[in-house]
Amino acid sequence: MTTATAPTEGAPASQVTRPVIERGMLAWLRQNLFRTPFDAALTIILVVIGGSLLTQFLEWSIAQADWTVITTNFRILMQGTYPAEQGNRLGLSVALITLLAGVSWGIWGRLFRATAFAFVGGVLIFVFVPLAAESLADSPRGTFGAYVSGQLAPLFSLLRDPVLLLVGCLLIGYGIGCFAKQINRKRAGCYTLIAWFIAIPICFILVRGFSDADGVLPFVQTNRWGGLLLTFMLAFVAIVACFPLGILLALGRMSGGTHKLAFKAPPRWWLNPLQWLHALSIWWRNLGNYPIIKLLCIIYIEFLRGVPLVTVFFTANLIVPLALGDNSIDAVLRAMVALTLFEAAYIAEIVRGGLQALPPGQLEAAKALGLSPMQATLFITLPQALRIAIPPLVGQFITMFKDTSLVAIIGLTELLGISRAVLAQSEFIGRHRELYVFVAIVYFVFSYGMSYAARQLESSGSGAFRKIG
Amino acid sequence: MADLTQRSPLPRLAFLRDVRFLRAAVQLIVLAVVIGLALWLINNTSEGLARARIPTDFSFLTQPSGFQIDEGLVDQPHKRTDSYANAFAVALVNTLRAVILGLILSTLLGLFVGIARLSTNFLARTLALAYIEIFQNTPLLLQLFFIFTSVLLTLPRATEPIILPGPSYLSSSGLATPNLIATERSGLWLLLTVIGIGSGIALWRRLRAIRLETGRTTYAAEIGLSVMFGVGILAWLILQPFTVDFPELGRFGYVRNKGAIISANFVAIVLGLVLYTGAFIAEIVRSGIQSVPTGQWEAARSQGFTYGQILRLIVLPQALRVMIPPLTNQYLNLAKNSSLGAAVGFAEVFGVARTMAQSVSVVPIMVIVMGIYLALSLITAAVMNVLNARFQIKTR
């Protein structure tokens, strides 16, 4: 990064000048793009390739794409066939979750300049694009102005109110979180965690409603959930439900003593059946104090990690009604059960990784203090293991969010499934590019948001996770 | 003495407090619950199947399937009159084709992008980052739909394809390339090539040993490589072991049995798997390279190694140790994700099973399908474990 100037000829050693750091645009270009001839050639090739891809995409999205397929079907893409007059319930639960997310962010996170700029930029875009579109409304066809007023503006004005509302909720929550942190950080964190545990069932009930038809919250059949709503409900339920199951499986697999017997194999031991028995007994004793439970956990985890999720969905879809002897279990619930059972195996392996990464001294110290195995697990090892496991857990949650798209294969209409349904309508045939790009952007925003939040939490000091709970 | 042989005063309580008894009891209860639950579910299922008169045995495997598969190594690998077992075999071959090609290509792509991610070139760095973030943060199924519907199917029709050098043809029905047809001299050529490669490797090792012993320059790599490939190339030129079969365009597109025709479905699933898995492998490669201490780079640079030499000889071998366990996970994911080929009409195991499930009972089919994937995963994991054991530092 630096280029040192040679010390002046004949100058005393004490007066050697400090290296001069080249600044300015040209220096940056030289350092980052044209360092060597190979670098220069690479840069030129990449400019040509990247530039042509970008211009092709922009040309397509401005001149050829017809984004009305999204504005027309926006409600369906977001909430499926959820009754429109009940839409406020969805809005309320989203607002509640956003508010809590803001509070958590205020307590545990930090406001980075990039995030702040992104918020301000987002708000400005969503306010000004529709305004600009009005002034460009009478520009001739085929120009950029017509594109903005005809294609972009409807989408942006459609999104404006929800986005402003969400950003508002998030910022209000952030303010509350910062304020609560000032008063008592530990207690604020505790209350927020409790609030999360209360809010999730509340949202679920808000969306689902009670079973009476004409009460305060009329019941909405799960087959009317669709689009992004169904994606979120599947991911949310699976994340919340698979977590305890995964921890139990991990503890089951880690159960038993830590000492290991080694099988000292004499030469050609496989010829001697007595040695087989000996090896078998050592294997059995190495399974620890609870060999049956451990084996069951291992079989469950390794089986589900060895088969693809689609086969689990497919089997659950066809076999669960038979196995429970009950045909009334709806497809959404079957998918939720399948996703939960499947992901629990992955969560178990991640938690096991966390448990294994703990220094053994922790458990030994707990034993020395007279804690029972249960107490040692609950208060000493598990909390620390979960803290270690947070980055891979977040990665798995993102995978889970993306995996919900596989229910499209068994015919559920989550975001990807419903976009296929939209494409099947005769007036939107051939609009697959627009729709897929839109769906990809939605998935990207949420997945990237999750990983960004996790990274921010990680980088906001090593104590960030310690202060949870 | 008499005191010691006396029985303890509260035998029953001591028995209940004995930790060995408690452990056994807890485990037996858990086992009983699990077995009971399993029996209840199996019983319900078999009753439901019996009520619906769906057979659950595997006798259907020998019956004719009634559907045909066009995708495979040979033309029409599975006809309507062939058995279900044959359909499974053909589907397994297709899955293996996609998985093996996907493994190789995604590793190469991941390695390339992972190195680019650490480049000093700003543009290479940024483009690699953009690729990784886009493909990691969107679902594979969506990428497959996009590649198949929005890219491959919008290519020109097979009657007026894009002509590539070869001549090869690219169209919405796939890629048609020249194919090699074996003649009676092919066996001899193959034998000579194998001998050439073997002796080349042996020569290389021998020359390298001489160099390490005496310090003389022996040109081990140059001589070894030229023997390895030279023999095969020379034999090819002299023997002419294959005839080339060029693809032809008929009135309705590609002519059957002319050239090698790679279907658009196959291209879609392989491309999707490679692009998706490549993004994850790139991140693994990047963190692997970053896990090698900077001192290694500096020391190598001070010894006069070039950038490529440092990567190839010093950094990547050390990074490989860190990379293999997460790489194994990605390979397993790729093998399992190949089941999404069903979504783009590629006849792999899950897709064929889905077709079968319309006419035969789903229980035995899914047992076979899950067994196949389980075996595939276990084999992959076993191979990678052996590799992992070989690359770890040997400690005493």
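In which loop of chain B is the place of B:Tyr219? B:Tyr219 sits in the loop between α7 (186-214) and α8 (220-239) of chain B. The model described here is predicted.

The phi angle of B:Tyr219 is near 55 degrees, which is a positive value in a residue other than glycine. Most residues other than glycine have a negative phi. B:Tyr219 has 12 other C-beta atoms within 10 Å. The cut-off for an exposed residue is 12 or fewer, so B:Tyr219 counts as exposed.

B:Gln240 also has a positive phi, of about 50 degrees, and is not a glycine. Its place is the loop between α8 and β5 (242-245) of chain B. With 11 other C-beta atoms within 10 Å, B:Gln240 is exposed.

## The contact between the chains

Chain B puts 42 residues into the contact, and chain A puts in 43 residues. On the side of chain B that touches chain A, at least two residues come from each of α3 (19-51), α5 (122-136), α6 (140-152), α11 (307-337) and α13 (362-391) of chain B. The helix that gives the most to this side is α3(B), with 10 residues. By class, the side of chain B that touches chain A holds 26 nonpolar, 13 polar and three charged residues.

One helix pair that joins the two chains is α11 (residues 291-306) of chain A with α3(B). These helices pack at an angle of about 35 degrees, and their axes are 8 Å apart. From α11(A), the contact uses A:Ile292, A:Ile293 and A:Leu296; from α3(B), it uses B:Gln27, B:Val30, B:Leu31 and B:Val34. Six of the residues in the contact of α11(A) with α3(B) are nonpolar, one is polar and none is charged.

## B:Asn137 between α5 and α6

B:Asn137 lies in the loop between α5 and α6 of chain B. Is B:Asn137 buried or exposed? The number of C-beta neighbours of B:Asn137 inside 10 Å is 21. The threshold for a buried residue is 20 or more, so B:Asn137 counts as buried.

Leaving aside neighbours within four places in sequence, B:Asn137 is in contact with A:Tyr443, A:Phe444, A:Ser447 and A:Tyr448. The C-alpha atom of B:Asn137 is separated by 18 Å from that of B:Ile269, a residue 132 residues apart from B:Asn137 along the chain.

## Helix packing within chain B

Helix α9 (residues 264-291) of chain B packs with α11(B) at an angle of about 155 degrees, and the two axes are 8 Å apart. An angle over 145 degrees counts as roughly antiparallel, so α9(B) and α11(B) are roughly antiparallel to each other. Their crossing is right-handed.

On α9(B), the residues that make the contact include B:Leu273, B:Phe280, B:Ile284 and B:Ile289. On α11(B), they include B:Val315, B:Met323, B:Pro326 and B:Asn337. The contact of α9(B) with α11(B) has 13 nonpolar and six polar residues, and no charged ones.

## Helix packing within chain A

Helix α13 (residues 331-357) and helix α15 (residues 373-388) of chain A pack with their axes 8 Å apart, at an angle of about 115 degrees. The range of 65 to 115 degrees counts as roughly perpendicular, so α13(A) and α15(A) are roughly perpendicular to each other. The crossing of α13(A) and α15(A) is right-handed.

The contact is made by A:Val351, A:Gly354, A:Leu355 and A:Ala357 of α13(A), together with A:Thr381, A:Ala385, A:Leu386 and A:Ile388 of α15(A). Of the residues in the contact of α13(A) with α15(A), six are nonpolar, two are polar and none is charged.

A:Leu393 belongs to helix α16 (residues 390-403) of chain A. A:Leu393 counts as buried, with 20 C-beta neighbours inside 10 Å. The C-alpha atoms of A:Leu393 and A:Ala454 are separated by 9.9 Å, while the two residues are 61 residues apart along the chain.

## Nonpolar cores

Which residues touch the most other members of the largest nonpolar core? They are A:Phe313, B:Leu141 and B:Leu144, in a core of 144 residues. The element that gives the most to this core is α9(B), with 15 residues. Beyond its neighbours within four places in sequence, A:Phe313 is in contact with A:Ala335, A:Ala338, A:Leu406, A:Val407, A:Ile409 and A:Ile410.

Another core, of seven residues, lies apart from the largest one. Its members include B:Ala158, B:Leu175, B:Tyr254 and B:Ile261.

Terms used
Residues are numbered from 1 along each chain as its sequence is written. Chains are lettered from A and ligands numbered from 1 in the order in which they are written. This is a predicted model: local features need pLDDT of at least 70, side-chain atom pairs count only at pLDDT 80 or more; totals for chains, interfaces and linings use all residues. Two residues are in contact if their C-beta atoms, placed from the backbone, lie within 7 Å. Helices (H or I, at least four residues) and strands (E, at least two) are DSSP runs, numbered from the N terminus. Ala, Val, Leu, Ile, Met, Phe, Trp, Tyr, Cys and Pro count as nonpolar, Asp, Glu, Lys and Arg as charged, and the others, Gly among them, as polar. Axes are lines fitted to C-alpha atoms, for helices over the stretch in contact, and angles run from 0 to 180 degrees between N-to-C directions. Angles under 35 degrees count as roughly parallel, over 145 as roughly antiparallel, 65 to 115 as roughly perpendicular and the rest as oblique. A crossing is left-handed if the near helix is turned anticlockwise from the far one by less than a right angle, and right-handed if clockwise. A nonpolar core is a set of buried Ala, Val, Leu, Ile, Met, Phe, Trp, Tyr and Cys residues joined through C-beta atoms within 7 Å.
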